[in-house]
Amino acid sequence: MIFRVVFISLILFVLELYTYQFLKTLIKSKPVVLSLQGLSVLILIYIVYALTQFDRSVGQTQQTMFTMGLLLVVYVPKLLITIVLLGEDVYRLFVGTIHFFGNYDKDAAFFDSRRKFISKIGLGLAAVPFLSLIYGVTIGKYNYKVIKQRIFFPDLPDVFDGFTITQISDVHSGSFDNPEKIKYAIDLVNEQNSDIILFTGDIVNTHAKEMHPWIETFNKIKSHPFGKFAVLGNHDYGEYVTWPNEAEKEANFQAIKKLYGDIDFKLLLNEHTFIKKGTDQLALIGVENWGHNFKQAGDLKKASGSLTKQDFKILMSHDPSHWDKVVQHDDKHYHLTLSGHTHGMQFGIEIPGYFKWSLVQYVYTQWAGLYENLGRYVYVNRGFGFHAYPGRVGIMPEITVIELKKGVSIA
């Protein structure tokens with residue numbers, strides 16, 4: 001932990017050094033430059049202090065999220081400035097070396113002075129993430145989007161043609177700080193009037209008590225004709241903090257499982273149920289968390305029981321790496337898997353129908369939206385809440401509405 005803090009502090013020092021040079025180039029008033037740099041140093045001291053105060057027995061708090069947000073808002077722009085000025089320094093070093101060993105004025109300075117227009121380029125580049133991150137923590141984190149997706153299946157039972165599913169995921173209730181925005185989101189959920197609602201895990205960050213202030217609000221999710229079902233996410237196991245003993249960790253885990261019932265969701269723990277309509281049915285399967293790099297408590301074989309390849313199956317599995325590594329290759333042919341987990345990293349660029357990008361795509365092959373392989377689909381919800389960085393830029397919080405259709409897609 002100490003080594004990590006020292007390493008981060010060293011990087012921040014380099015960023016501060018280049019930021020100071022950047023300010024000197026653009027601003028001729030020395031008192032203004034010193035005042036801005038003094039403010040920057042105070043922010044740095046606060047961030048370093050806050051990092052040293054992180055308590056693994058407590059986990060994420062509003063203070064740690066504020067610190068993470070401040071770190072990104074202040075230092076991502078400074079990183080871009082540093083990259084630009086460092087590039088200029090490489091150029092200055094190259095030119096200085098040529099001048100030194102060539103037939104040039106030996107009395108001239110080795111380094112040319114910094115060029116103001118280069119610093120202006122750095123300023124323009126830095127303004128983009130600065131303004132974006134400010135937007136993310138003030139507006140973006142509660143800028144809920146209802147995303148509608150129609151999926152065609154040739155073997156969908158006829159009576160389920162047009163059947164609608166609302167999916168929410170990754171609530172992370174311990175991060176919430178605005179009751180009115182959460183109430184608004186719940187109203188959006190209710191407005192969809194779907195046949196069924198499915199919640200694909202992470203009701204809290206770590207502790208069951210995080211959800212207690214929000215139980216009444218989430219109980220306002222109205223009853224759906226075919227029920228309300230949920231599965232656990234990786235954060236629901238309390239794996240990311242240090243517990244005094246296993247008994248307390250287990251008690252918290254049991255309390256978290258109870259939370260789903262407290263908001264009237266049926267928790268599926270490596271099991272399945274049947275959704276019946278008329279004389280036909282589809283199987284709804286729920287596994288515990290299974291992640292390629294996270295807890296693997298999910299047991300697909302146990303959850304599916306005696307289901308066959310011919311049964312129409314909807315699987316809830318929190319982590320999309322489960323679909324990538326296991327589900328899509330299973331002979332039982334799971335028609336539709338619903339996941340979450342990635343949050344789209346809460347930062348990226350998305351132009352619906354044309355382009356989407358986030359750093360998380362270099363970790364997860366399926367990270368946001370709909371993916372298909374040989375008639376097997378996975379939909380990855382971008383998440384209802386937020387975690388670590390208290391904001392969202394480009395990748396907005398999502399309420400998904402999926403319509404099942406009989407037939408073959410013409411897209």
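The talk below takes helix pairs, then sheets, then the records.

Mentor: This is a predicted model, where local features need pLDDT of at least 70, side-chain atom pairs count only at pLDDT 80 or more, and totals for chains, interfaces and linings use all residues. Residues are numbered from 1 along each chain as its sequence is written, and side-chain values use heavy atoms, with hydrogens and water left out.

Trainee: Why are α2 and α3 called oblique to each other?
Mentor: Start with the elements: helices (H or I, at least four residues) and strands (E, at least two) are DSSP runs, numbered from the N terminus. Helix α2 covers residues 30-52 and helix α3 residues 62-101. Their angle is about 140°, and their axes are 10 Å apart. Axes are lines fitted to C-alpha atoms, for helices over the stretch in contact, and angles run from 0 to 180 degrees between N-to-C directions. Angles under 35 degrees count as roughly parallel, over 145 as roughly antiparallel, 65 to 115 as roughly perpendicular and the rest as oblique. So α2 and α3 are oblique.

Trainee: Which residues of α2 and α3 make the contact?
Mentor: Contact means heavy atoms within 4.5 Å. From α2 they include Ile-43, Leu-44 and Ile-47. From α3 they include Phe-66, Leu-70 and Val-74. By class, this contact of α2 with α3 has 10 nonpolar, three polar and one charged residues. Ala, Val, Leu, Ile, Met, Phe, Trp, Tyr, Cys and Pro count as nonpolar, Asp, Glu, Lys and Arg as charged, and the others, Gly among them, as polar.

Trainee: What makes α3 roughly antiparallel to α4?
Mentor: Helix α4 spans residues 116-138, and its axis crosses that of α3 at roughly 160°. The axes come within 8 Å. The angle is therefore in the roughly antiparallel class. Among the contact residues are Leu-80 and Val-84 of α3, with Leu-125 and Phe-130 of α4. The contact of α3 with α4 divides into 15 nonpolar, two polar and one charged.

Trainee: How do you know that β12 and β13 pair?
Mentor: Two strands pair if DSSP finds at least two bridges between them. Strands β12 (residues 369-373) and β13 (residues 376-380) have five bridges, in the antiparallel sense. Gly-369 stands opposite Val-380.

Trainee: Which residues does UniProt list for "transmembrane region"?
Mentor: The unreviewed entry lists 35-52, 64-86 and 121-140. UniProt positions are given in the numbering used here, feature names are shortened, and annotations may be inferred rather than shown by experiment. In the model, residues 35-52 are 100% helix, and residues 121-140 are 90% helix.
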